[in-house]
Amino acid sequence: MDSFLQLFVAVSLAFIISFRAYRKKSLSTSGAFAGFFVMALHFFVGYRFGAMLLAFFYSSSSLTKMGEERKRTIDPEFKEGGQRNWIQVLANSGIASVLIVAIWVLTEGQDKCLNSEDSPLITSLIGAVIGHYSCCNGDTWSSELGILSEDQPRLITTFKTVKKGTNGGVTKTGILAAAAAGSVIGLAFVLMGLSTTTCDSNIFFKQLLVIPIATLAGLCGSIIDSLLGATLQFSGFCSIRRKVVAKPGATVRRISGANILDNNAVNFVSILLTSFLTSIACLYIF
């Protein structure tokens, strides 16, 4: 009966949120369908996972819409409302979805605390999901606030000043935003866990360490993303459009990076690495 109720809550919440996101142009049609299934899965497996997903989605969507007119003049691929399609939805939640399915199978649907003595595998998998959304949120906050700041971005590999919109360009504002974004994910996990997860008294307060871990994961994920963007993702200045673009061309002067990965691939690799590092950290800390 509890499983049926949780499934009903998960499907209902996922439908309402994905439909509203589509109406507000945060998600395209394909993005709304993908988002529905991803959200339903997260909430069904565990409310803490759903809370992290929502913390990422709502905070990043709000920041994406901030300063749209200014971003329109900088970003050649600007979309109204930062509309995400199914590819972007899965790029930001695909790995986490696979991880939580594994958690659901291993725990037989029970909500477990982070405790390596009880189950090191489950602890590392939950840690990976925390790292996943800390990285996603950190990268988004860093990009969306960094591009609006008055700071002149510097290429993370050389520290030379570059134009706004250059892949791998970092600012002080962006770095601080990435750490703050990670802490929001940690808070969402911990606060939801207080009301939905029962832990033994000896490990209850230790769960609070998720907040600083997620903060560092957000920062680490943003740095990894910037390093990949500066080296394996092309950035060039188009003399016709007068913007930084991500593809080489006859009218494009190269700024940095090889034309190996696109933005979705960079996000995927940075998420994968951050998830792995966070899972190791949780395994040893908890």
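Which loop is Arg-242 found in? Arg-242 is found in the loop between strand 3 and strand 4, where strands (E, at least two residues) and helices (H or I, at least four) are DSSP runs numbered from the N terminus.

## Before you start

This is a predicted model, so local features need pLDDT of at least 70 and side-chain atom pairs count only at pLDDT 80 or more, while totals for chains, interfaces and linings use all residues. Residues are numbered from 1 along each chain as its sequence is written, and side-chain values use heavy atoms, with hydrogens and water left out.

## The hairpin around Arg-242

Back to that loop. Strand 3 and strand 4 form a hairpin with 4 residues between them. Arg-242 has a phi near 60°, a positive value in a residue other than glycine. At 56% relative accessibility, Arg-242 counts as exposed; the cut-offs are over 50% for exposed, under 20% for buried and partly exposed in between (1.4 Å probe, protein chains only).

Strand 3 (residues 235–238) has antiparallel partners in strand 4 (residues 243–245), through 3 bridges, and in strand 5 (residues 252–256), through 4 bridges. Two strands pair if DSSP finds at least two bridges between them. Phe-237 has Val-244 as its bridge partner in strand 4, and Cys-238 has Val-252 in strand 5. Both faces of strand 3 are covered: Ser-235 and Phe-237 are buried on one side, Gly-236 and Cys-238 on the other.

## The nonpolar cores

A nonpolar core here is a set of buried Ala, Val, Leu, Ile, Met, Phe, Trp, Tyr and Cys residues joined through side-chain atoms within 4.5 Å. The largest one has 47 residues, and those touching the most other members are Phe-49, Met-52, Ile-126, Val-129, Ile-130, Tyr-133 and Phe-189. Several helices supply at least two residues each, including helix 1 (2–23), helix 2 (29–45), helix 3 (47–65) and helix 7 (172–196). Helix 6 gives the most, with 9 residues. In soluble globular proteins, nonpolar side chains tend to be buried together.

Leaving aside neighbours within four places in sequence, Ile-130 is in contact (heavy atoms within 4.5 Å) with Met-52, Leu-114, Ile-185, Phe-189, Val-210 and Ala-214.

## Cavities and a pocket

How many cavities of 30 Å³ or more does a search of the whole structure find? The search finds 3. On a 1 Å grid over the protein atoms alone, a cavity is a set of points where a 1.4 Å probe fits but cannot get out; a pocket is an open set with protein on both sides within 12 Å along at least five of seven lines, and lining residues have an atom within 4 Å of a point. Points are joined across faces, edges and corners, and a volume is the space filled by probe spheres set on them. The largest cavity has a volume of about 150 Å³. Its lining includes Leu-27, Met-39, Phe-56, Arg-84 and Asn-92, and helix 2, helix 3 and helix 5 each supply at least two of the lining residues. By class, this lining has 7 nonpolar, 3 polar and 1 charged residues. Ala, Val, Leu, Ile, Met, Phe, Trp, Tyr, Cys and Pro count as nonpolar, Asp, Glu, Lys and Arg as charged, and the others, Gly among them, as polar.

The second largest pocket holds about 210 Å³ of space. It is lined by 12 residues, and the closest to its centre are Gln-6, Phe-44, Val-45, Gly-109 and Asp-111. Helix 1 gives the most to this lining, with 3 residues. Its make-up is 4 nonpolar, 6 polar and 2 charged residues.

## The loop between strands 1 and 2

Buried or exposed: which is Asn-167? Asn-167 lies in the loop between strand 1 (154–155) and strand 2 (169–170), and at 16% relative accessibility it counts as buried. Not counting residues up to four places away in sequence, Asn-167 touches Leu-155, Gly-229, Ala-230, Gln-233, Phe-234, Ser-235, Ala-246 and Ser-256. The C-alpha atoms of Asn-167 and Thr-231, 64 residues apart along the chain, are separated by 8.8 Å.

Phe-159 also lies in the loop between strand 1 and strand 2. Phe-159 is exposed, with a relative accessible area of 54%, and its phi is near 65°, a positive value in a residue other than glycine.
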